[in-house]
Amino acid sequence: MKRYLCIHGHFYQPSRENPWLEAIEVQDSAHPHHDWNERVTAECYAPNSAARILDEQNRILQIFSNYDLISFNFGPTLLAWMETNASEVYSRILESDRVSRQARGGHGNALAQVYNHQIMPLASRHDKETQVIWGIRDFRHRFGRDPEGMWLPETAVDLETLDVLAEQGIQFTILAPHQAHRVRSLSTGPWKNVDGGRVDPGRCYRLALSSGRTINLFFYNADLSHAVAFEQVLNSGDEFIGTIKQHFQPDNSEDQLVHIATDGETYGHHHRFGEMALAYAMNHLSAEGEILITNYAEFLAHHPPHWEVEIFESTSWSCAHGVERWRADCGCRVGTDPHWNQAWRSPLREALDWLKLRLDETYEKRAGELLPDPWNARNAYIHVILDRRSESVERFIAEYAFSSASQADRILLLHLMEMQRNGMLMFASCGWFFDDISGLEAVQNLKYAARAIQLAAQATGVDLEEGFLSRLSSARSNMPQLGDGTDIYRRVVKPSVVNLERVISHYAISSLFEEYEEKDRIYCFRIDRENYLQSSRGPDTLAVGQVSAVCTTTEEEGRFVFALLHSGGCDFRCSLLAHNAELQWEELAQNLVSKFEQSDMTELIRTMDKMFGREYMTLGDLFLEERRKIALRMSEDALSRFESSYRMLYNENRDLMRFLKEIDVPIPVGFTAAAQNALKADLMEALDKALQGEPAEDITRIMQEADLWGIDPKEEVIERKIRHMLEKKLRTLALYPEAKQIPAIMQLLDLADQVEIQINLWEAQNIFRQLLNSKWHVHAHPASLPEWKPFFILGERLGFNLPDSGGSGND
């Protein structure tokens with residue numbers, strides 16, 4: 001009898017992109033990170049790609065990728081974000097699948113996932129097919145192979161979904177034990193009822209489908225998975241190992257599989273340092289050899305099912321009531337407030353279902369005029385999503401559209417396809433999972449709905465918004481001041497809506513602060529500047545431009561002339577005019593500049609109103625991050641005018657403050673505020689000099705002075721500045737491992753100590769580990785060579801336990 005262990009992590013974040021910009025805007029709740037994808041990557045996805053195994057003194061013995069040994073799936077939309085924004089982690093994940101294929105007879109650790117985490121039993125047959133096909137083709141694009149298994153969001157399942165999986169060549173999926181109804185031997189024997197989670201999780205089962213197809217099912221160990229996800233098992237690697245071993249049945253004569261399935265975020269995000277307990281356990285068990293580490297596909301290849309199973313349909317792993325959590329107030333919730341209800345779930349589901357039905361009807365009618373098979377074409381549209389280049393669109397049109405399709409047909413078709421994409425994105429499961437409709441996740445779904453509504457109107461002239469909002473109005477927030485879903489939509493979602501006019505206004509206003517190229521890009525819009533003039537007089541600035549913009553997803557384009565008047569501070573007035581054949585650029589620009597240079601602002605504004613109309617856009621119409629950047633810059637400019645006053649107040653009263661301190665008299669708040677401001681500025685100036693290699697004696701004085709007044713002059717940017725410089729120098733050292741570079745690196749570590757901040761050494765340690773791996777084995781006993789001593793000292797300073805001789809132990 002052999003004992004096998006498979007640990008599966010379901011790694012997923014909902015799509016968080018602004019649907020109009022195709023990028024994630026800053027999310028304040030994720031501070032100090034830019035957004036929640038970035039934060040969870042820093043806390044979980046990255047640490048699992050380079051997990052630390054420590055000694056008793058918390059020094060690094062080994063750095064190891066957990067993805068090499070665990071089964072995992074990543075949501076396709078998360079991987080798309082990661083490819084651009086966390087490319088090193090993304091590459092390590094793909095590499096781990098290649099490593100596991102070599103180790104496990106061609107069976108990789110990676111599973112595919114349904115595309116955007118829809119609850120599949122609640123989706124139409126068309127959407128089920130597209131979700132599965134997009135998930136498979138996205139997987140193939142990234143991992144370079146066909147998936148053998150596929151993760152179902154929330155393990156929500158029905159027979160139609162399983163039939164779609166089987167039809168597309170998926171061999172297996174993973175379910176919760178309470179989703180099994182009854183089992184029997186494939187050879188002989190009656191059915192045995194296993195409801196209530198009594199199915200044996202130690203084997204694989206086959207399920208026969210009405211189509212004649214079959215699919216294999218694994219039912220994870222519920223008690224063990226619950227202990228990992230919700231108890232304190234990950235507090236200790238040894239405790240984790242002990243808990244795993246307890247779940248093997250010593251009297252079982254068959255080969256048995258113990259397997260865990262949890263959210264991958266359990267390891268590091270939900271449980272801090274959980275990735276280290278996982279790394280320790282997997283390495284220890286792998287070295288021990290008594291338990292064989294495997295993945296589902298490898299186990300299935302060697303242990304084809306001898307039992308068949310029937311399931312309970314419309315069930316999931318995270319709702320005791322089936323799939324009601326995603327359409328009803330069933331009682332399942334996170335628990336933000338015990339007095340809250342989730343009655344909003346039903347009208348949200350009904351409103352989105354109504355909208356989706358209208359979108360599908362619109363799509364079938366209009367796309368049917370352009371495509372022989374609209375639904376097959378939608379299934380193939382994933383290739384355009386993965387490659388937005390014009391050549392990719394052309395291949396798609398050539399293969400799936402009628403040969404007579406014109407340029408206007410092409411743009412219409414892209415609008416319809418993007419309408420469908422957003423129409424599916426609006427059903428991401430997280431929109432119902434949490435406790436209120438005002439939450440980030442539900443609002444994100446509403447943004448996708450708004451984008452789909454806009455695209456439908458642009459493509460067909462049909463306005464679906466009022467019908468959607470009339471149904472959404474029944475979804476009341478638990479916070480009375482927020483009203484209902486319609487109020488939230490109008491207050492939070494509508495301000496996010498983008499059109500070409502807003503893109504050009506953003507360009508115009510930000511052009512006063514950014515150096516744009518003639519051909520540039522703002523998020524997913526290509527910008528082509530044809531003409532641009534700027535003139536300033538005192539606090540006033542006039543900018544006049546002729547610019548075109550193209551949306552890279554729909555190829556919608558427009559050509560505009562703008563006039564921007566900035567009257568200082570936050571007073572921006574941007575007027576737009578769509579370009580037409582009668583418009584004379586030179587005459588218009590000269591007229592406006594002439595009025596501006598005459599310093600007659602009233603007449604200038606009248607001229608702008610006459611030429612462009614009375615409507616205009618302001619700073620508030622900029623996209624969030626640029627709006628904040630400009631507003632912050634203006635705030636800093638205003639505050640800088642008072643900096644000399646703060647410094648004068650501090651310098652002139654420093655002796656008085658010291659005397660008050662000596663006689664135990666509280667220092668006035670105004671004095672400490674002045675000291676805080678002056679010392680912060682001094683520290684940043686001294687730090688910049690130290691990072692350029694100048695002496696850092698002033699830093700000690702500044703820190704001592706700050707300590708005297710009981711203030712903290714440090715800013716968040718200090719840690720980031722030192723860390724980035726440290727990583728830069730270590731990368732240079734890794735390329736050119738010369739001992740003479742090490743003193744400058746040690747000085748940076750000393751500087752951090754001097755400023756009394758703790759540097760996040762995670763990436764620095766990874767770089768040093770790469771240096772060890774690439775250079776260590778050049779010599780049989782590097783520790784005995786004098787030229788290696790500085791490297792050992794640096795490694796110890798970075799937290800490594802380096803052996804005296806032989807291999808590094810940091811493979």
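Two residues are said to be in contact when heavy atoms of theirs lie within 4.5 Å. Keep that in mind as we tour this predicted model, starting with an aspartate.

You can find D158 in the loop between β6 (150-151) and α5 (159-167). Is D158 buried or exposed? With a relative accessible area of 7%, D158 is buried, because buried means under 20%. Leaving out residues up to four places away in sequence, D158 touches P121, K128, E313 and S314. The side chain of D158 also makes a polar contact of 2.5 Å with the side chain of T161.

**Two glutamates with positive phi**

Next, look at the backbone of two glutamates. E22 has a phi near 60°, a positive value in a residue other than glycine. E756 is not a glycine either, yet its phi is positive, at about 65°. The table shows where each one sits and how accessible it is.

| Residue | Phi | Loop | Relative accessible area |
|---|---|---|---|
| E756 | about 65° | between α26 (742-755) and α27 (762-775) | 54% |

E756 counts as exposed because its 54% is over the 50% cut-off.

**A cis peptide bond**

Which residues does a cis peptide bond join? The pair is H31 and P32, and omega there is about 10°.

Note on methods: Residues are numbered from 1 along each chain as its sequence is written. This is a predicted model: local features need pLDDT of at least 70, side-chain atom pairs count only at pLDDT 80 or more; totals for chains, interfaces and linings use all residues. Side-chain values use heavy atoms; hydrogens and water are left out. Helices (H or I, at least four residues) and strands (E, at least two) are DSSP runs, numbered from the N terminus. Buried means under 20% relative accessible area, exposed over 50%, partly exposed in between (1.4 Å probe, protein chains only). A polar contact is a pair of N or O atoms within 3.5 Å; within protein, one must be able to donate a hydrogen and the other to accept it, and residues adjacent in sequence count only if both atoms are side-chain atoms.
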